[in-house]
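This briefing goes through one protein model by topic. Please keep the sequence and the coordinates open while reading.

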Amino acid sequence: MPVEVTWWGHATCTVEDSGVRFLTDPLFARRLAHLRRRRGTPPPPEATVAEAVLVSHLHSDHLHLPSLARLAPGTRVLVPRGAPDAVPGLRRLAGAGLRLTEVAPGDEVTVEGVTVRAVPARHDGRRLPFGPHRSPALGYVVEGEARTYFAGDTGLFDAMTEAVGPVDVALLPVGGWGPYLGQGHLDATRAAEALAALSPAAAVPVHYGTYWPIGMDGVRPHEFHAPGDEFVRHAARLAPKVAVHRLEHGERVRPEVAR
């Protein structure tokens, strides 16, 4: 099997291809500001092991400095161009041994023979609540024995299929961490529309059912519980040829892809 995907919760996944491990948007915390992890235990120590980390944008639930600090010295961390200026804590982590590489859409980086290509995303990339929009939000395509698209956080945009290109596996956000999704996000329906346009062999829904605001358990709770199953249902209607794997926290899958 050419690729293995483990979903640790939220947007945090391990993608292993050709023996090289990539970790996406690591978030290992039980609590982040007003958010509390409500489903799935925090990822085990093995989740911190990766040759490279892919950070999609600067929001603190995707670029989480304490989680990055748990990575082994020497780990390569790809971040949106301008991120160290917007988030000075990244420079401290670089001083402690992480290898930062700034990328913008279209840039390619090779990690132990596996190519990583940064692609655009439609999302607010600022480090909220501070600072101007100094870094783009990104997705990434990991290409080794398979082509795996990690969308980060994004809304639908007209050039998505062209920008991403042909892929075998798509890791798509289908929800969020609160009762309402603003612009620049995919819900289960829009994620299924993106899936139909991208037409991979397999997909894994992410970015849902992990964190929820403290004290808001009774406010639109279906937005926490339902997106994964809703995505499976909409994908069956809009992209019936795609094998959708709805994983539990910590579960892994080896999607069947033809190359």
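The model is predicted. Seven strands form an open sheet with mixed pairing, the salt bridges come to 12, and the second largest pocket holds about 190 Å³ of space.

**Sheet**

- The strand order of the open sheet is β8-β7-β6-β3-β2-β1-β17.
- Its edge strands are β8 (99–103) and β17, each of which pairs on one side only.
- Strand β7 (residues 76–80) runs parallel to β6, and three bridges join the two.
- Across this pairing, valine 53 stands opposite valine 77 in β7, and leucine 54 stands opposite leucine 78 in β7.
- Strand β7 also runs parallel to β8, to which five bridges join it.
- On that side, valine 77 stands opposite leucine 100 in β8.
- Valine 77 therefore has a residue opposite it in each direction: valine 53 and leucine 100, given that strands of a sheet pair through backbone hydrogen bonds.
- Strand β7 is mostly covered, with five of its five residues buried.

**Salt bridges around arginine 252**

- Arginine 252 forms a salt bridge with glutamate 4, and the closest N and O atoms are 3.8 Å apart.
- This pair links distant parts of the chain, as arginine 252 is in strand β17 (residues 252–253) and glutamate 4 is in strand β1 (residues 3–9), 248 residues apart.
- Arginine 252 also forms a salt bridge with glutamate 46, where the closest N and O atoms are 3.2 Å apart.
- Here too the pair links distant parts of the chain: glutamate 46 is in the loop between β5 (35–37) and β6 (52–54), 206 residues from arginine 252.
- Arginine 252 has 38% relative accessibility and so counts as partly exposed.
- Glutamate 4 counts as buried because its relative accessibility is 14%, which is under the 20% limit.
- Glutamate 46 has a relative accessible area of 40% and is therefore partly exposed.

**Salt bridge between arginine 190 and aspartate 187**

- Arginine 190 forms a salt bridge with aspartate 187, with the closest N and O atoms 3.3 Å apart.
- Arginine 190 is partly exposed, as its relative accessible area is 29%.
- Aspartate 187 is likewise partly exposed, with a relative accessible area of 24%.
- Elsewhere, salt bridges that share partners join Glu4, Glu46, Arg252 and Arg254 into one network.

**Second largest pocket**

- The second largest pocket is lined by 15 residues.
- Leu181, Asp187, Ala188, Glu223 and Glu230 lie nearest its centre.
- The elements that give two or more residues to this lining are α5 (188–198), α6 (222–225) and α7 (227–238).
- Helix α5 supplies the largest share, three residues.
- By residue class, the lining divides into seven nonpolar, three polar and five charged residues.
- Aspartate 187 links two topics here, being among the residues nearest the pocket centre and a salt-bridge partner of arginine 190.

**Two buried loop residues**

- Aspartate 168 is in the loop between α4 (160–164) and β13 (169–173).
- Its relative accessibility is 4%, so aspartate 168 counts as buried.
- The side chain of aspartate 168 reaches the backbone nitrogen of arginine 147 at 2.8 Å.
- Valine 242 is in the loop between α7 and β16 (243–244).
- Valine 242 is buried, as its relative accessible area is 11%.
- Valine 242 and serine 199 are 43 residues apart in sequence, while their C-alpha atoms are 6.9 Å apart in space.

Note on methods: Residues are numbered from 1 along each chain as its sequence is written. This is a predicted model: local features need pLDDT of at least 70, side-chain atom pairs count only at pLDDT 80 or more; totals for chains, interfaces and linings use all residues. Side-chain values use heavy atoms; hydrogens and water are left out. On a 1 Å grid over the protein atoms alone, a cavity is a set of points where a 1.4 Å probe fits but cannot get out, and a pocket is an open set with protein on both sides within 12 Å along at least five of seven lines; lining residues have an atom within 4 Å of a point. Grid points are joined across faces, edges and corners, and a volume is the space filled by probe spheres set on the points. Helices (H or I, at least four residues) and strands (E, at least two) are DSSP runs, numbered from the N terminus. Ala, Val, Leu, Ile, Met, Phe, Trp, Tyr, Cys and Pro count as nonpolar, Asp, Glu, Lys and Arg as charged, and the others, Gly among them, as polar. A salt bridge is a side-chain nitrogen of Lys or Arg within 4 Å of a carboxyl oxygen of Asp or Glu. Buried means under 20% relative accessible area, exposed over 50%, partly exposed in between (1.4 Å probe, protein chains only). Two strands pair if DSSP finds at least two bridges between them. A polar contact is a pair of N or O atoms within 3.5 Å; within protein, one must be able to donate a hydrogen and the other to accept it, and residues adjacent in sequence count only if both atoms are side-chain atoms.
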